[in-house]
Amino acid sequence: MESSDKDLHVKGTAMNDFMALLVARQNERELAAALERNAAALGTAVAGAQGLGASLVARLGRDFATQSGLALAGPGQRPNTDELTVRERQVLALVAGGLTNRLIGGRLFISAKTASVHVSAIMRKLGVSSRTGVAARPLTKK
């Protein structure tokens, strides 16, 4: 391959990688929006199952919501607000590994600002005032 062909190949590969990253980030945003929209429906289904005496179905629905980080109580009412969500636990592990918000964002396909919001929520929930405090107490509080 000639030098200009190599340059074109590298640029084409970089463009493909960039486009794949954009698609992945868009898909994550769409998934997050869909999960939020459907959390209320899952909460209704769990309440209905409980009302019908289908406690196993209700428990499975609650377990799924917990594992997925969904709030069954609906928008603006997160039960167990002191517990870390699945995503917050992922961010916590990366903060404990010394990663910056930008690196966390890249690793999890989220923006640095979103990573920052997660770090702030983790600090609030753990009762610490710094990233060092977060890193010193990894996963001691769910």
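This is a predicted model: local features need pLDDT of at least 70, side-chain atom pairs count only at pLDDT 80 or more; totals for chains, interfaces and linings use all residues.
Axes, in what follows, are lines fitted to C-alpha atoms, for helices over the stretch in contact, and angles run from 0 to 180 degrees between N-to-C directions.

Helices H4 and H5 pack with their axes 8 Å apart, at an angle of about 105°. Angles from 65 to 115 degrees count as roughly perpendicular, and H4 and H5 are therefore roughly perpendicular to each other. On the H4 side, the contact is made by Asn-101, Arg-102, Ile-104 and Gly-105. On the H5 side, Ala-112, Ala-115, Ser-116 and Val-119 take part.

The chain has 6 helices and 0 strands, and from the N terminus on its elements run α-α-α-α-α-α. Of its 142 residues, 25% count as buried. The accessible surface of the chain comes to about 9,400 Å², and 59% of that surface belongs to carbon and sulfur atoms. As for contacts between residues at least 6 apart in sequence, 50% join residues at least 24 apart.

I turn next to helix H3, which packs against both members of the opening pair. In general, two packed helices are described by the angle between their axes and the distance between the axes. For H3 and H4, the axes come within 10 Å and cross at roughly 130°. That value makes H3 oblique to H4. The crossing in which H3 passes H4 is right-handed. Which residues meet there? From H3 there are Arg-87, Gln-90, Val-91, Leu-94 and Val-95, and from H4 there are Ile-104, Arg-107 and Leu-108.

For H3 and H5, the axes come within 9 Å and cross at roughly 95°. H3 and H5 are therefore roughly perpendicular to each other. H3 contributes Arg-87, Glu-88, Val-91, Leu-92 and Val-95 to this contact. H5 contributes Ala-115, His-118, Val-119, Ala-121, Ile-122, Lys-125 and Leu-126.

We come to the nonpolar cores. How many residues does the largest nonpolar core have? It has 16, and those with the most contacts inside it are Val-91, Leu-92, Val-95, Ile-104, Leu-108, Ile-122 and Val-134. Helices H3 (86–96), H4 (101–108) and H5 (112–126) are the elements that give two or more residues to this core. Its largest share, 5 residues, comes from H5. Apart from this core lies another, of 7 residues, including Ala-39, Leu-42, Ala-65 and Leu-70.

Leu-126 is found in helix H5. Is Leu-126 buried or exposed? Its relative accessibility is 4%, and the cut-off for buried is under 20%, so Leu-126 counts as buried. Leu-126 and Glu-83 are 43 residues apart along the chain, yet their C-alpha atoms are separated by 8.9 Å. Val-117 is also found in H5. With a relative accessible area of 48%, Val-117 is partly exposed. The C-alpha atoms of Val-117 and Asn-101 are separated by 9.4 Å, and these two residues are 16 apart along the chain.

Finally, I would draw attention to the loop between H4 and H5. Phe-109 lies in this loop. Where is the phi of Phe-109? Phi is near 60°, a positive value in a residue other than glycine. For context, most residues other than glycine have a negative phi. Phe-109 is partly exposed, at a relative accessible area of 39%. Ser-111 has its place in the loop between H4 and H5 as well. At 36% relative accessibility, Ser-111 counts as partly exposed.

H5 is roughly perpendicular to H4 and to H3, whereas H3 is oblique to H4. Thank you for your attention.

Note on methods. Residues are numbered from 1 along each chain as its sequence is written. Side-chain values use heavy atoms; hydrogens and water are left out. A nonpolar core is a set of buried Ala, Val, Leu, Ile, Met, Phe, Trp, Tyr and Cys residues joined through side-chain atoms within 4.5 Å. Buried means under 20% relative accessible area, exposed over 50%, partly exposed in between (1.4 Å probe, protein chains only). Helices (H or I, at least four residues) and strands (E, at least two) are DSSP runs, numbered from the N terminus. Contact means heavy atoms within 4.5 Å. Accessible areas come from the Shrake-Rupley method with a 1.4 Å probe; for residues, only the protein chains shown count as cover. Angles under 35 degrees count as roughly parallel, over 145 as roughly antiparallel, 65 to 115 as roughly perpendicular and the rest as oblique. A crossing is left-handed if the near helix is turned anticlockwise from the far one by less than a right angle, and right-handed if clockwise.
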